[in-house]
Amino acid sequence: MAITKDTVKKISKLSRIASNDQFEENMIKDLNSILKFVEQLNEVKIDSIEPLASTVDQEIIKREDAVKKMNDKNQILSNSPTDNKDFYVVPKVIE
Amino acid sequence: MSDKQFDYYLKGEKGDYEVVIGLEVHAQVLSEAKLFSSSSTKFGSEPNSQVSLVDAAMPGMLPVINKFCIEQAVKTGLGLNAKINNLSKFDRKNYFYADLPQGYQISQFKYPIVGEGKVILDMPYGTKQVGIERLHLEQDAGKSMHDQDPQHSFVDLNRSGIALMEIVSKPDLRSPSEVGEYIKKLRSIMRYLNTCDGNMEQGSLRADVNVSVRIKGSKELGTRCEIKNVNSIKFMQQAIEYEARRQIELIEEGKVVDQETRLFDTKKQETRSMRSKEDAHDYRYFPDPDLLPLNLEDKYIESLKKDLPELPDEKKQRLISQFNLSNYEASVIISDQAVSSYYEEVAKVSDYKLAATWLMGDLFAMLNKEGKEITESPVSAKNLAKMINLIKDGTISGKIAKTVFEEMIKNDEDPSKIVEDKGLKQTSDPKEIENVIDKVITANQDKVEQYRSGKDKLFGFFVGQVMKEMKGKGNPQMINNILKDKLK
Amino acid sequence: MSEIYQLSLSELVDKIKSKEISCEDAAKSYIDRASKSKKLNCYIVDTFENALSKAKEQDQNFNDKQKLFGAPIAVKDLFCTKGIQTSASSKMLEGFKPEYESTVTSKLWEHGANLLGKLNCDEYAMGSSNETSYFGNVINPYRNDKDLVPGGSSGGSASAVAANLTVATVGTDTGGSIRQPASFTGIVGLKPTYGRCSRWGVVAFASSLDQAGPMSKTVKDSALMLEVISGHDEKDSTSAKKETEPFSQKLTSNIKGLKIGIPKEYKVEGMPKQITDLWNKGIEISKSLGCEIKEISLPHTKYALPTYYIIAPAEASSNLARYDGVRYGFRAEGKDLIEMYENTRAMGFGDEVKRRILIGTYVLSSGYYDAYYLKAQRVRRLIKNDFDEAFKDVDTILTPTAPSSAFAIGQNVDDPISMYLNDVFTVPTNLAGLPAISIPAGYDEKNLPLGLQLIGKSFDEQTILNNAYAIEQNINFKSQVKDWWI
């Protein structure tokens, strides 16, 4: 399960982070040492243990089906990096 | 019982091919607010005017589930005769796209809210059972517009976060017409339950279509391709036809069908491959740590079950067994929620059988001609029922009723008033009828002779003449009886 | 006569309410000191002008019902503050001004506290030394010839409290980010039970582990802060259905009969003698206070760090996917959408953040999910079970907070693992969702502060507060910070 340059390229692509040779070299080293560190978990017997996703022991919190107009268009778009008053604008997707 | 056989097989050189289809239908839940936020779900609003901080995935925002959406999903599951799971969980489906603000969609992967179920279709060759694999809740994405500007795409997040029910069928469908019936059935069930408005033009119902082919009789499944996001039945059917033939061609040429995701080009009526990214399928599903598991008690599920309205299939059975409607009549009536309501309103205060005849005959013909939906019918259910009762109690004949009906189309006037005003009451006075019959017989002695010597068909001539004399207001039953007698 | 900025939070609020000190003077005292202390780099952004006007207003509108009336408080830059830059110490959010206020900080202002500014931290709360911040390192007010780290990720917060640049603060703790810096800077830091405080409006790092908590000069201050910031929030689905409790009012140093567990697995090899000594000192003090000391076992302790370093990055990789340059924050150029994403995230995030995103993505990816993520979740349950078992016999658990005192800036940056080892004593409690508090208990041979940690049962913050209070009263730790930077 060692991490290679290909692996780094692949996970960088999956996480949408641009990579170059230097970055990949550094990451290979770091990621491999982290993986080696977590490998200790293989020692643990976990056969019939249920995974623990959350330490909260209660029913899921639900809300009523009611519309609360909380934000208007201007507020929502106010942090947008572009100036358009109606839409978020992004470079075109090449389909 | 029809003796038609299923016959959708495509001919190839190697033999006949069977088409295997599975659908993943995305149905927008009818609710006021979104699945995990309190924004409105109203269609057609100004862009980005129904977006909250949670929908825009601002830093620190968290999802809280809408309890009504849960109810809608359970009701739909019950309508699909499916198992409602007591425990379900929410997972994150991780991928990047401009209309997916969080960078993940909250969905249900391992533990969906609804399990296996089934749907029954009425095909010309008999009933067909289509298995449902599961139904789960998930967030809808926003909308990206790519053709407004050569360099840029525009994103509207109004739709982002609206609740969707994803209904996954088993690969039990075998033809474009079965697919059409399946979608109509799902739509009808959800409309009955008021859990989805099934409005495909507005995007509240769309499907991903999985198509594969195999030699008829083969038990192995072929490689399937997924045609994404088809939003009309017609397009689904065209896409399936094109795709099946495309795959057959490849196979016959000895080539391999690649498993891939395709889009249906509605203009060219062909499917084409989406730009395939090998990472496209690694969604890295994991349980959403911002949400806790959903536990549904049997008590809760039972209470929803109890309050469900009568579903189309049950209603159809009831119409056939209780009221003697034909399979065809019953199918047509239940196929549409609005039709079914209208029918019920008429039938329950008049006569189930006559209501069916009038609905499917004159009323539909009129609606077709005027290009109107039943919800816009110029003749109200109330008045149609009254008219039927006038036939039942002998005030008017079926024939006269047609005239009354024509009048009602104009103003939806009370039929009793029309009958009164136009003097359309049928004559049921035996003496009067006898007189007219005598007159007609006297004036047509030659024909009487011909009838008596065996020309039975002439009976209709006499009836016609009597009716003409009586200006159509003669009680047909009575005319028949007295005439028969007199012509003996 | 101590300076205003030397008073604890409780003392300050009492004196303001008894009109001995005005809100304006309180604000001025901290503003003045903070303005002279830029060298420590605790503040990313200050709101001194606003704070001063608000303080003047408060002097006109006296309100002794508010528990923090007039208290000048700066907060970790992970809490969204309306109209004020919230950067998470990242280039990605530089200039981002939220249109909303986090639930926790809203409660502070509702109770009369006065915002002084936003405090530096490790980028996106990922780090144990405050060396990953886009806005530069934070310097520990304790020195030893060199500039020392304050710990992390709430390094700016810890430093600011220790240097008297804020009367108290709120930080966040995902793997030890409140407790470890508290230990490194000689202050009190409390991580409440997971679900005790709302996460709404806190920039998310690892959703099932993050928890906001107070950092203060005294235990009583933390109790008071906790009282203000806790409580169920219906906007947070993981918020416990529990209302706040009068923690500061029920605070007592009478802990006679309390059963304190000493976990044998926390005696790690190579632990500095001073720390072992301090731990023993804590045990002796507890005995003298009438407590019963019991050795307990938490068998899966050593697996806590590897478990954490799978779960936390996995959740982070997904939580940070929203930082894509589309709707807010930094955006880089790109010829198409994908390139824009890739450049934005490569330039907007620092190395440690990228490392964790990559590891997180890897352990969730197809083929590895079962071997890493699912396995880690199972071990997590075992770790929690260990605590549940132990708490059948004891009321609190006493351990050191960190395996060392503050180290020099730059010492560990090349080795992620050695950095991660800083959290060895704190991480298990995050995985189990339990409350824990660190109190300053002594000094090592370099005259640098060392902390002791008390871990409690779920939602039993009162007991660890009382336990901590009793020990604090007994030890009487005194700050040895000399204002070398002014």
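Reader: Before I look around, at what angle do the axes of helix α7 and helix α8 of chain B cross?
Author: The axes of helix α7 (residues 337-347) of chain B and helix α8 (residues 352-370) of chain B cross at roughly 135° and come within 9 Å, where axes are lines fitted to C-alpha atoms, for helices over the stretch in contact, and angles run from 0 to 180 degrees between N-to-C directions. Bear in mind that this is a predicted model, in which local features need pLDDT of at least 70 and side-chain atom pairs count only at pLDDT 80 or more, while totals for chains, interfaces and linings use all residues. Residues are numbered from 1 along each chain as its sequence is written, and chains are lettered from A and ligands numbered from 1 in the order in which they are written.

Reader: And what counts as a helix or a strand here?
Author: Helices (H or I, at least four residues) and strands (E, at least two) are DSSP runs, numbered from the N terminus.

Reader: Back to that pair, which residues make the contact between α7(B) and α8(B)?
Author: Tyr343(B), Val346(B) and Ala347(B) of α7(B) meet Tyr352(B), Ala355(B) and Leu359(B) of α8(B), with two residues being in contact if their C-beta atoms, placed from the backbone, lie within 7 Å. These residues divide into six nonpolar, no polar and no charged, where Ala, Val, Leu, Ile, Met, Phe, Trp, Tyr, Cys and Pro count as nonpolar, Asp, Glu, Lys and Arg as charged, and the others, Gly among them, as polar.

Reader: Switching topic, how many residues of chain A are in contact with chain B?
Author: On the chain A side there are 32 residues, in contact with 39 residues of chain B. The elements of chain A that give two or more residues to this side are α1 (5-14), β1 (62-63), α3 (73-77) and β2 (88-91), and β2(A) gives the most, with four residues. By type, the chain A side divides into 16 nonpolar, three polar and 13 charged residues.

Reader: What does β2(A) join up with in chain B?
Author: Four bridges join β2(A) to strand β10 (residues 152-156) of chain B, and the two run antiparallel; strands pair if DSSP finds at least two bridges between them. Within β10(B), Val155(B) is the bridge partner of Tyr88(A).

Reader: How is chain B split into domains?
Author: Its domain assignment gives domain 1 (10-303), domain 2 (310-421) and domain 3 (430-486), and such bounds come from an automatic or database domain assignment. The centres of domain 1 and domain 2 of chain B, taken over C-alpha atoms, are separated by 37 Å. Their contact takes eight residues from domain 1 of chain B and seven residues from domain 2 of chain B.

Reader: Now chain C, what is the strand order in its sheet of eight strands?
Author: The order in this open sheet of chain C is β4-β6-β5-β10-β11-β9-β7-β8, with mixed pairing, and the edge strands, each pairing on one side only, are β4 (168-172) and β8 (292-296) of chain C. Strand β5 (residues 188-191) and strand β6 (residues 212-216) of chain C pair in the antiparallel sense over two bridges, and Ser216(C) in β6(C) is the bridge partner of Val188(C).

Reader: Which helix lies across β4, β5, β6 and β10 of chain C?
Author: That is helix α7 (residues 219-229) of chain C, which runs at about 150° to β6(C).
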